[in-house]
Amino acid sequence: MAAETLGEPRDRKPSLQGSIEAFQDVVSSAVIIPKEDGVISHNKPFLFFVFLKHIFPNLSTCMSFNPETRRLSIGMDTGSICEFILSEDYNKMTPTNTYQAHQGKVSVVLFVLEMEWLLSTGQDKSFTWHCSESGQQLGTHRTSSWVSGLQFDVETRHAFVGDQSGQVTILKLEQDSCSLVTTFKGHTGNVTALCWDPVQRVLFSGSSDHSIIMWDIGGRKGTAIELQGHSEKIEGLCYASHTRQLISCSSDGSIVVWNMDVTRQETPEWLDSDSCQKCEQPFFWNFKQMWDSKKIGLRQHHCRKCGQAVCGKCSSKRSAIPLMGFEFEVRVCDSCYGSITEEDRAPTATFHNSKHNIVYMHYEPTTGCLLTSGTDKVIKLWDMTAVVS
Ligand SMILES: [Zn+2]
Ligand SMILES: [Zn+2]
C-alpha cells in the first residue's frame with residue numbers, strides 16, 4: 001500500500017471490517033483464524049464457531065489455538081482441558097486429549113508447539129504443564145493468587161505468570177521441574193493481561209489500575225516504563241514485532257497503538273517530604289513544624305516528571321509527558337512544566353474508539369486484523385493495516 005494513500009499519521013484509523021452479533025452472551029475469548037475469513041470464539045453455554053458448533057457438557061472458560069497444527073485447547077470450569085484438532089476446512093473437530101489439570105476452573109491455557117507443552121493455570125492457585133504428546137503432567141507450581149495472565153519464552157523456557165495481586169512471577173521450566181526465578185510488582189490492581197516480545201525480551205503487563213508497564217527483562221537496563229493512555233481496566237495487549245508497536249485495549253472502549261520505537265524514560269520514585277520541595281510550606285500532617293512556624297499545612301502532591309513532593313500552588317499546571325508514558329495530562333511542578341517543550345508533548349501513541357466496552361482482544365499479524373469482543377455481545381473485526389505500519 002502506497003504511503004500517500006494513507007494520509008497523515010494522525011488521521012489514520014482502524015477500519016471496521018465486520019461484526020458478528022449472533023451471541024447470547026458476552027464472548028470472553030476468541031481468535032482469528034489466519035488465512036481464513038473465520039473466527040473461533042467460545043461463550044456460554046456452548047462453543048460457537050463461524051463454521052461449526054460444538055456442544056459441551058460443561059462451561060468453557062478459556063482457550064488456546066495453534067494455527068500450525070490447528071490444535072484447539074479449551075479450559076473448562078471443572079478444571080479439565082479438552083483438546084481438539086480442527087479439520088483443514090475448519091468444519092470438523094476431532095477430540096485428541098483430555099487433561100485433568102486443575103481442581104477448579106481453568107483460568108488460562110497456553111499451548112507451546114516447540115516444546116509440545118500445554119501450560120495452564122487454575123482457580124485452585126496452581127500452574128501446571130503437561131506433555132501434549134503423552135498427556136502426562138510434567139510439573140506444577142503453587143501461585144500466591146488467582147492467575148489471569150500467562151506467557152512463555154520458548155528460547156529460555158521461562159514462564160511469566162501474572163496474578164490478581166498485581167504480581168508477576170517468573171518461573172524457569174525444566175522437563176519435569178521448575179524453579180522460581182523472581183517476582184516483581186508494579187501494579188496497584190490485578191494483572192489482567194500479559195504480552196511477551198521474544199525479540200526485544202520485553203514483557204508488557206496490563207492491569208485493572210488502568211496502566212501498562214513495560215518490563216525490560218532480558219535487556220541491558222532493567223528498566224520498567226509505565227504507559228498511561230487508558231481510563232479504565234486494560235483488557236488485552238498485543239505486540240506487533242514487525243513494526244514495534246504495542247496494541248492495547250481497555251474496557252473504556254479505546255484501542256491504543258503505542259510506538260515502541262521511541263525511547264521512554266522511567267518514571268521517578270516519589271520522594272517523601274514533610275514540606276513542599278519548592279516553597280517549603282509544610283504538608284498538613286506535619287503538625288510539629290506547622291505549630292512551630294504557625295503555617296497552615298498543605299496537601300502533598302507529586303510532580304510526575306521529577307518525583308518531588310510539591311504543594312498544589314507549586315504544581316498548578318498539567319502536561320502530557322509522552323516520553324515518560326503519560327499520554328494524558330498529569331500533575332507537574334511549575335519548573336518541570338517550563339522545561340517541557342511542545343515537541344516533548346507530541347503523542348507517541350494513537351487513540352481509537354471501538355464504540356464498545358472491550359472484554360477481550362486478539363490480533364493476527366499476518367492479516368493485520370484485530371478482533372475485539374465487547375459487553376454488547378458483539379465481535380468486531382478491525383483492519384489495522386493503516387495504523388500498525
Ligand atoms: Zn509549594
Ligand atoms: Zn517537577
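Colleague: Is Arg201 buried, partly exposed or exposed?
Modeller: In this predicted model, local features need pLDDT of at least 70, side-chain atom pairs count only at pLDDT 80 or more, and totals for chains, interfaces and linings use all residues. Residues are numbered from 1 along each chain as its sequence is written, while chains are lettered from A and ligands numbered from 1 in the order in which they are written. A residue is buried if 20 or more other C-beta atoms, placed from the backbone, lie within 10 Å of its own, exposed if 12 or fewer, and partly exposed in between. Because Arg201 has 17 other C-beta atoms within 10 Å, the class is partly exposed.

Colleague: Where is Arg201 found?
Modeller: Strands are DSSP runs (E, at least two residues), numbered from the N terminus. Arg201, which has a positive phi of about 60° although it is not a glycine, is found in the loop between strand E18 (191-197) and strand E19 (202-207).

Colleague: What is the phi of Arg244?
Modeller: Most residues other than glycine have a negative phi. Arg244, placed in the loop between strand E22 (234-240) and strand E23 (245-250), is not a glycine, yet its phi is positive, at about 55°.

Colleague: Which residue in E11 is the bridge partner of Val106?
Modeller: Two strands pair if DSSP finds at least two bridges between them, and 6 bridges join E10 to strand E11 (residues 117-122), the two running antiparallel. E10 (106-112) is an edge strand, pairing on one side only, and in E11 the bridge partner of Val106 is Gly122.

Methods:
Helix = DSSP H or I, 4+ residues; strand = E, 2+ residues; numbered from the N terminus.
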